[in-house]
Amino acid sequence: MSHHRSAKITIAHINDTHSHFEPSLVSLKLPNEVLSSEMSVFASCGGFSRVSSAVKDVKRQAHLNAREFMFVHAGDCFQGTLYFSLYKGVANAALLNVIGIEAMALGNHELDMGNQAVADFMDLVDFPLLVGNWDLSQENPAKLNPIAPKANVFAYDSVDQHARFIIKEVDGGSIALFGLAIENMSGIANPDPDTHFLNVLDVATKTVQAIQQRGINKIIILSHLGYDRDLELAAQIDGVGAIIGGHTHTMQGDFSNIGYGITDDYAQMVNGTCVVQAGCNALALGQLELDFNPDGTLAHAGGKNQLLLGRQFTLDASRSQHLDETSHEAVKQYLLAQTNVRFCVKDPLVENLLNEHYRPAVRQLQTQRVAEVMEPLRHVRIPDQRGGSQIAPLVVDSFVWQGRQLGHDVDFGIHNAGGVRSSLHQGDITAADIAGRLLPFAIGLMVYEVKGRQIRAALEGAIDNAIDNGVEGTGSGSFPYTSDLRYTYRCCATQGERIQDLMVKRNDAWVEIDDDEMYKSVSSGYTAMGKEGYGALLVDMKEPTPLNVTMADAFENYARAQGQLSAAKESLVNFIPCEYEQVIVA
């Protein structure tokens, strides 16, 4: 029988960093007494250089207090900024290596471009990927770069029927860690069809049993399931000390002292398991302190999330309106007294890596003017009383334009609202704005043929999914915007009859869609593969044709050709929710 001992470990954790290597600008709303009036100041926050400095500090303190230390990432490092648009997983691998990540969960965005992007990434990193419910046993070994043989991918063990796990030695004892990813990965990402994601609870239960049979009773799960699912899993399973999570960008803790909200206490306890998550975009560092009893239960679970701030504060987002010396000092002293913020210098090792290999190309793109935005353009996912997105229709217009420029006889285009990530201000728009903020997901366009009835079903399915109308949806991002395709959606109509007045534009005239006719459409690869309610597009679909152009590339090319961008004069989406009698025109 194994001799179990108590163990103390501090785990620094980040999640959903989405290639945010650079600091972000945040607005801090301070109490009246700090500056004699309620006002906001702007500060530089986060970025990998500050994360690295903070991690080194936390590690140093842990060792001074006779605690073991570990630094983990709970998934979704891909996508998000120009760094990913330009360098894909290469920059992430280099930056995650240099900041010292020791283990990582698999996020859904790691699989936006299929398995090979993950395989190539794993060839470059110095740490294991923990994804214990990913069954790779049927993966085609003849692929260009298969994942299954990689020793640093701790996936599902189909022979022993549990997750592979790693072991961290602590105080002469052992802590086991394994990872879990979203079960519905094929519904929201693009894993190869020969690899499958298994039931989370079933895998977790069998893995805990297998670990305990090895004589290890201290167990941690690295999860990319989302905060509510982590809490649910903690209630469903025994024997797990902590679940360190990601996916929902949840920032645990009370941040009302700087003008943000409150989301549970840090280190939320459920059924003897501590659940944590640390926001997103490398803005904060989670610091989890676990004290295990010899029997594997927790004697103590604590810690905190901290925003990682620079030391300069301004009154405006352009960083040009400076505080006077007295006010600046008052702000600094107030923030120094707060336990949920940490002032961080930038780690020169990270700065040097960025400067030598990645920043120059990013900076060049940031200065390239593409077009002029003639008016503020608003983006919302689901149309509201002010209407629908003014950006998404222009984006899908660019898809249709790009497809036709490349010689495809495209009838119309469809795009999900979640693929567009920001509104646009009036003025110049740069390549950096497009690839870094507006369309940061580096997903290619596809042209595909689809029958009229499947178009109708796909639009209804996508909107049902977006508003949970008779189905348990995956989020509002599936709402469809269109180009040269017009429709009405009636929420309260009978299922299967909610899409009405479905028409395609031909020769400048609107013509009713024929259910039996075959049409040619263009969408992102994500939508074309039937994700998030668009499954009807796959019925009778021939193999789609990739354009080898990303969404951002298409929009940039279109914007350059147009020169000026304004909101469309004609609305193509009539959205009639059940609670309103009037039409909401998108």
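Reader: In which sense do strand β14 and strand β15 pair, parallel or antiparallel?

Author: Keep in mind that we're looking at a predicted model. Strand β14 covers residues 219-224 and strand β15 covers residues 242-245. One spot to look at is L222, which stands opposite I244 in β15. Over three bridges, the sense of the pairing is parallel.

Reader: Which strands stand at the edges of the open sheet of six strands?

Author: Read the order across the sheet: β11-β12-β14-β15-β19-β18, with mixed pairing. The two edge strands each have a single partner strand, so one side of each is left without a neighbour in the sheet. They are β11 (166-170) and β18 (268-270).

Reader: How much does the twist average from one strand to the next?

Author: Stay with that open sheet of six strands. Going from one strand to the next, the twist averages 25°.

Reader: Which helix lies across β12, β14, β15, β18 and β19?

Author: Helix α7 (residues 200-213) lies across β12 and β14, running at about 165° to β12. The helix you want runs at about 170° to β19 (273-277) and spans residues 227-236. That's helix α8.

Reader: Are α13 and α16 roughly parallel or roughly antiparallel?

Author: Helix α13 is residues 431-438 and helix α16 is residues 551-562, and their axes are 10 Å apart. A431, I434, A435 and L438 in α13 meet A552, F555 and E556 in α16. The helices pack at an angle of about 150°. Since angles over 145 degrees count that way, α13 and α16 are roughly antiparallel.

Reader: And is the crossing of α13 and α16 left-handed or right-handed?

Author: This is the pair where F555 in α16 is one of the residues meeting α13. The crossing is right-handed.

Reader: Which residues touch the most other members of the largest nonpolar core?

Author: That core has 124 residues. A second, separate core of 26 residues includes L130, Y266, A267 and L288. Back in the largest one, F71 has contacts beyond its neighbours within four places in sequence, among them A12, V51, I101 and L285. The residues touching the most other members are F71, F121 and F555.

Reader: Does A91 count as buried or exposed?

Author: A91 lies in helix α4 (residues 89-99). Leaving aside neighbours within four places in sequence, A91 is in contact with F21, Y83 and Y358. Its relative accessibility is 0%, and the cut-off for this class is under 20%. So A91 counts as buried.

Conventions: Residues are numbered from 1 along each chain as its sequence is written. This is a predicted model: local features need pLDDT of at least 70, side-chain atom pairs count only at pLDDT 80 or more; totals for chains, interfaces and linings use all residues. Side-chain values use heavy atoms; hydrogens and water are left out. A nonpolar core is a set of buried Ala, Val, Leu, Ile, Met, Phe, Trp, Tyr and Cys residues joined through side-chain atoms within 4.5 Å. Buried means under 20% relative accessible area, exposed over 50%, partly exposed in between (1.4 Å probe, protein chains only). Contact means heavy atoms within 4.5 Å. Two strands pair if DSSP finds at least two bridges between them. Helices (H or I, at least four residues) and strands (E, at least two) are DSSP runs, numbered from the N terminus. Axes are lines fitted to C-alpha atoms, for helices over the stretch in contact, and angles run from 0 to 180 degrees between N-to-C directions. Angles under 35 degrees count as roughly parallel, over 145 as roughly antiparallel, 65 to 115 as roughly perpendicular and the rest as oblique. A crossing is left-handed if the near helix is turned anticlockwise from the far one by less than a right angle, and right-handed if clockwise.
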